[in-house]
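Trainee: I have a structure to go through with you. Can we take it step by step?

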Amino acid sequence: MINKVPESEIQNQIEYINKIKTLGEKRNYCINTMGCKLNEADSEKLCGMLDSMGYTQVEEFEYANIVIFNTCSIRENAEEKVFGKLGELKNIKEKNNMIICFAGCMSQEPHVIEKIKKSYSQVDIIFGTHNLYKFPEMLYNKLTNNNQKRIVDVWDIDGEIYEGLPIKRQSKTQASIIIMNGCNNFCSYCIVPYVRGRERSRQPEDILFEVNELAKDGCKEILLLGQNVNSYNPREGYSFANLLADLDKIDGIDIIKFTSPHPKDFKADVIDVIANSKKISRVIHLPLQSGSSKVLQSMNRGYTKEEYLDLAKRIKEKIPDALFTTDIIVGFPGETEEDFEDTLDVVRKMDYEQVFMFIYSVRKGTRAEKMEGHIPEDIKSERFNRLKALADGMLEESMNKYVGTTQRVLVEGESKTNKDMLTARTSSNKIVNFEGPKDLIGKEIELKIVSQHVWYLKGIIE
Ligand code: 5AD
Ligand code: SF4
């Protein structure tokens, strides 16, 4: 069964976009995106709608008349930040005749809605992750009915996949493509299954159409996004491996990346497709979370330390130039010093290109919240620092290996920190800054690497 928002409903929303445009108001909008790449991709959709309404994007809240918070609930610090920012807006709301919208994962948490209702009267529209496509209708209702109280439209049923609304891409050469929403895994620490619902995959035809259009428009690199991409399953007999193989055939697309796969679902067919492709990135994100089989079990990850290492070995056998990156949580309830040593052991064995490290943060409503053996903050930070020291050392070593080599890179644009430099990326995802003419942007070129600066490399055109 294909679950999609009906075409008539999408048309309905496009009509709202047009109606807002004919209101003829000149408004600026500012969007604050927190969290992961899926949220960034959702924000590109919201920006696409707002641009089509005739509005202009600005970077600073103080120049905006519409502000959207696209929020993240993955860890506590992400949640705290957004309330601070909401507080700051209270003073300029009236002056700017501002409409404040609260969207994203935090909107799906009942305690957050309660908190906004109680203490943040400045918020005008609250919508969740399942009904983002209804934003034009909500905004129209708010704009045309000034007396109307706050609009709250948050669904606790899984929203269907929708196609056909505008997207404002950040870049012409690279595009993020959401291939599925939601997660069925219920890792015991994770809020995602509660705020994003169950897995729903987009139809391959829709994805292939979108990528073909992007390629015609000059896009070179695509990043496939989903909470658990290798359980992509749009229908019987079509898997993530099939999708990769079909995307691999699209002329013009040179680089295909994906994130995140789940180690337990990383099957041989996907390994084979990567091995046979010249386009699919050799940098494979393989979230470990913990190196201890005991902790992995209480995290409900579905693999042991040995199974994880065996998967990496099988990948390396078929793809000898594969490089790994990972996510690790330190200080999960019940984690002993011995368990933590197991994590360090896997990190050493895997020789990761990059380790994304997180201190365990309690999430309301998850199974881990109620577990025994929560770890004191000082032990968590001490373990975090030890892991960081190990990962930093490995990163430096891996960066050193590039110095003196020639690398094929895709030039992404101007460097964010120095407008006189261009920034590019190697196939292994390393940033390379170099001096060169702006017409190289969007092209693949070769650069000689002359030095490394931990987070980036410096290169020259030979
Ligand atoms: N505490 C700390 N880190 C978490 N992550 C997910 N939930 C939590 C949590 N409650 C991390 C995982 C995941 C990454 C996106 O965020 O490592 O892979
Ligand atoms: Fe969260 Fe686990 Fe799903 Fe990833 S796989 S989103 S960590 S529940």
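Trainee: What area is buried between domain 1 and domain 2?

Mentor: This is a predicted model, where local features need pLDDT of at least 70, side-chain atom pairs count only at pLDDT 80 or more, and totals for chains, interfaces and linings use all residues. Residues are numbered from 1 along each chain as its sequence is written, chains are lettered from A and ligands numbered from 1 in the order in which they are written, and side-chain values use heavy atoms, with hydrogens and water left out. Buried area is the accessible area (1.4 Å probe) that two parts lose on being put together, summed over both. Carbon and sulfur atoms give 60% of a total of about 1600 Å².

Trainee: How many residues of domain 2 are in contact with domain 1?

Mentor: Domain bounds come from an automatic or database domain assignment: domain 1 is 7–153 and domain 2 is 174–400. Contact means heavy atoms within 4.5 Å. Domain 1 brings 17 residues, and domain 2 brings 19.

Trainee: Which side chain has a polar atom 2.6 Å from an oxygen atom of ligand 1?

Mentor: A side-chain atom of R75 lies 2.9 Å from a ligand 1 oxygen. A backbone atom of Y189 is 3.1 Å from a ligand 1 nitrogen. The 2.6 Å pair belongs to Q289.

Trainee: What percentage of the area that ligand 1 exposes alone does the protein bury?

Mentor: Accessible areas come from the Shrake-Rupley method with a 1.4 Å probe. Taken alone, ligand 1 exposes 400 Å². The protein buries 87%.

Trainee: Which residues around ligand 2 include a phenylalanine, and which one is it?

Mentor: A residue is near a molecule if one of its heavy atoms lies within 4 Å of it. Around ligand 2 are, among them, C183, N185, H262 and R301.

Trainee: Where is F186 found, and what is its phi?

Mentor: Helices (H or I, at least four residues) and strands (E, at least two) are DSSP runs, numbered from the N terminus. F186 is in the loop between β8 (180–181) and α6 (192–196). Its phi is positive, in a residue other than glycine. The value is near 50°.

Trainee: Which residues does a cis peptide bond join?

Mentor: Look in the loop between β11 (255–259) and α9 (268–276), where S260 has its place. Omega is about -10°. The bond joins T259 and S260.

Definitions and conventions. Polar contact = N/O pair within 3.5 Å; in protein donor to acceptor, adjacent residues only side chain to side chain.
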